[in-house]
Amino acid sequence: MAKNGRNEVENIILQAIGHNERRGIIRIIGANPEGVIYSSILGETVLNTGHLNYHLRNLGGLIEKRDDRTYRLTPIGYKALELMNNLSNEIDSDVIQYVETTRGIQD
């Protein structure tokens with residue numbers, strides 16, 4: 001893959017996973033490889049229809065709407081999900097403590 005193509009894929013993934021609601025949508029769809037209908041995604045999020053539609057549009061390239069009206073991850077979407085899962089697995093209590101201390105986060 002050309003360097004520009006690789007950079008474009010990175011940009012698509014980083015733009016998508018940079019937002020908490022979009023990460024949640026990716027996880028919902030990724031947990032259902034057979035596909036998820038819109039109302040199921042809506043029911044599993046705290047988003048209203050306008051916000052869900054906005055985030056679905058911003059996940060272009062990572063998700064696709066199939067003829068059966070289900071949403072599924074694309075190959076790039078699966079890469080994003082894998083990246084999110086790997087990152088979550090690497091966050092240990094020391095990292096959490098560091099962030100809480102440096103940002104003054106309280107439970």
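Student: Why is asparagine 85 called partly exposed?

Tutor: In this predicted model, asparagine 85 has a relative accessibility of 34%. Buried means under 20% and exposed means over 50%, with partly exposed in between. The value of 34% lies between those cut-offs, so asparagine 85 counts as partly exposed. You can find asparagine 85 in helix H5, which covers residues 75-90.

Student: What makes lysine 79 exposed?

Tutor: Lysine 79 belongs to helix H5 too. Its relative accessible area is 52%. Exposed means over 50%, so lysine 79 gets that word. Lysine 79 is also 70 residues from valine 9 in sequence, yet their C-alpha atoms are 9.7 Å apart in space.

Student: Which residues make the contact between H1 and H5?

Tutor: Let's begin with how these helices lie. Helix H1 (residues 3-17) packs with H5 at about 60°, and their axes are 10 Å apart. H1 passes H5 in a right-handed crossing. From H1, the contact uses Val9, Ile12, Ile13 and Ile17, while H5 brings Ile76, Lys79, Ala80, Leu83 and Met84. By class, that contact has eight nonpolar residues, no polar ones and one charged residue.

Student: What makes H1 roughly perpendicular to H2?

Tutor: The axes of H1 and helix H2 (residues 20-30) cross at roughly 105° and come within 6 Å. The range for roughly perpendicular is 65 to 115 degrees, and therefore H1 is roughly perpendicular to H2. Gln15, Ala16 and Ile17 of H1 meet Arg22, Arg23 and Ile26 of H2 there. Sorted by class, this contact has three nonpolar residues, one polar and two charged.

Student: How do you know that arginine 72 is buried?

Tutor: Arginine 72 has a relative accessibility of 19%. Buried means under 20%, so arginine 72 passes the test. Look for arginine 72 in strand E3, residues 70-73. Beyond four places in sequence, arginine 72 touches Ile29, Pro33, Glu34, Gly35, Leu62, Ile63, Glu64 and Arg66.

Student: What makes the 3.4 Å pairing of arginine 72 and threonine 70 a polar contact?

Tutor: The two side chains are joined at 3.4 Å.

Student: What is the phi of arginine 69?

Tutor: Phi of arginine 69 is near 70°, a positive value in a residue other than glycine. Most residues other than glycine have a negative phi. Arginine 69 lies in the loop between strand E2 (63-65) and E3. Its relative accessible area is 60%, and exposed means over 50%, so arginine 69 counts as exposed.

Technical notes: Residues are numbered from 1 along each chain as its sequence is written. This is a predicted model: local features need pLDDT of at least 70, side-chain atom pairs count only at pLDDT 80 or more; totals for chains, interfaces and linings use all residues. Side-chain values use heavy atoms; hydrogens and water are left out. Helices (H or I, at least four residues) and strands (E, at least two) are DSSP runs, numbered from the N terminus. Buried means under 20% relative accessible area, exposed over 50%, partly exposed in between (1.4 Å probe, protein chains only). Axes are lines fitted to C-alpha atoms, for helices over the stretch in contact, and angles run from 0 to 180 degrees between N-to-C directions. A crossing is left-handed if the near helix is turned anticlockwise from the far one by less than a right angle, and right-handed if clockwise. Contact means heavy atoms within 4.5 Å. Ala, Val, Leu, Ile, Met, Phe, Trp, Tyr, Cys and Pro count as nonpolar, Asp, Glu, Lys and Arg as charged, and the others, Gly among them, as polar. A polar contact is a pair of N or O atoms within 3.5 Å; within protein, one must be able to donate a hydrogen and the other to accept it, and residues adjacent in sequence count only if both atoms are side-chain atoms. Angles under 35 degrees count as roughly parallel, over 145 as roughly antiparallel, 65 to 115 as roughly perpendicular and the rest as oblique.
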